[in-house]
Amino acid sequence: MEKEQERNTDDKANQNKEPSSEAGSQAVAGEKISLQKAKEIALVHAGLSADQVSFYKAELDRDDGRYVYEIEFIYDNFDYEYEIDAVSGKITDSEKEKID
């Protein structure tokens, strides 16, 4: 929880800065989607609904200088893992593995 609070503080500080010349700067790119929206994106991709799955990880993280949501859940002996870009909402990585 502390990491997320620190990131939120960093985001507020970045909003007051001049736009960066870097094309990929997320501070300039726009606001982040919500955690709930990231979960919905993963569920739609998996063809499932929230009442069918058990979420065990859903958090905002910073990966290679960009914010991503890491969404992980279980359904019917399968483990689903998603990485979703927190600004665009695009799925950048996904995995589905059978649980032994």
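1. In this predicted model, E83 has D93 in β4 as its bridge partner. Strands β3 and β4 run antiparallel and are joined by seven bridges. Two strands are said to pair if DSSP finds at least two bridges between them. Strands (E, at least two residues) and helices (H or I, at least four) are DSSP runs, numbered from the N terminus.

2. Local features need pLDDT of at least 70 and side-chain atom pairs count only at pLDDT 80 or more, while totals for chains, interfaces and linings use all residues.

3. The protein contains three helices and four strands. Along the sequence the pattern is α-α-α-β-β-β-β.

4. The four strands form an open sheet in the order β1-β2-β3-β4, with antiparallel pairing. β1 and β4 (91-98) are the edge strands, each pairing on one side only. From one strand to the next, the twist averages 10°. Helix α3 (residues 35-46) packs on this sheet and touches β1, β2, β3 and β4; contact means heavy atoms within 4.5 Å. The direction of α3 makes about 50° with that of β2. Such angles run from 0 to 180 degrees between N-to-C directions, with axes fitted as lines to C-alpha atoms, for helices over the stretch in contact.

5. Strand β1 (residues 54-63) pairs with β2 in the antiparallel sense over nine bridges.

6. V68 has D85 in β3 as its bridge partner. This hairpin also has two residues between the strands, and D76 takes a positive phi near 50°.

7. How many of the 10 residues of β2 are buried? Seven are, and the strand is mostly covered. Buried means under 20% relative accessible area, exposed over 50%, and partly exposed in between (1.4 Å probe, protein chains only). Of the 100 residues of the protein, 28% count as buried.

8. E70 lies in strand β2 (residues 66-75). E70 counts as buried because its relative accessibility is 15%. Its side chain makes a polar contact with the side chain of K57 at 2.7 Å. A polar contact is a pair of N or O atoms within 3.5 Å; within protein, one must be able to donate a hydrogen and the other to accept it, and residues adjacent in sequence count only if both atoms are side-chain atoms. Leaving aside neighbours within four places in sequence, E70 is in contact with K57, A58, E59, D61 and Y82.

9. The largest nonpolar core has 16 residues, and those with the most contacts inside it are Y69, I71, F73, Y82 and I84. Such a core is a set of buried Ala, Val, Leu, Ile, Met, Phe, Trp, Tyr and Cys residues joined through side-chain atoms within 4.5 Å. α3, β2 and β3 are the elements that give two or more residues to this core. Not counting residues up to four places away in sequence, the residues that I71 touches include L35, A38, F55, K57 and Y82.

Note on methods
Residues numbered from 1 in each chain as written. Heavy atoms only, no water.
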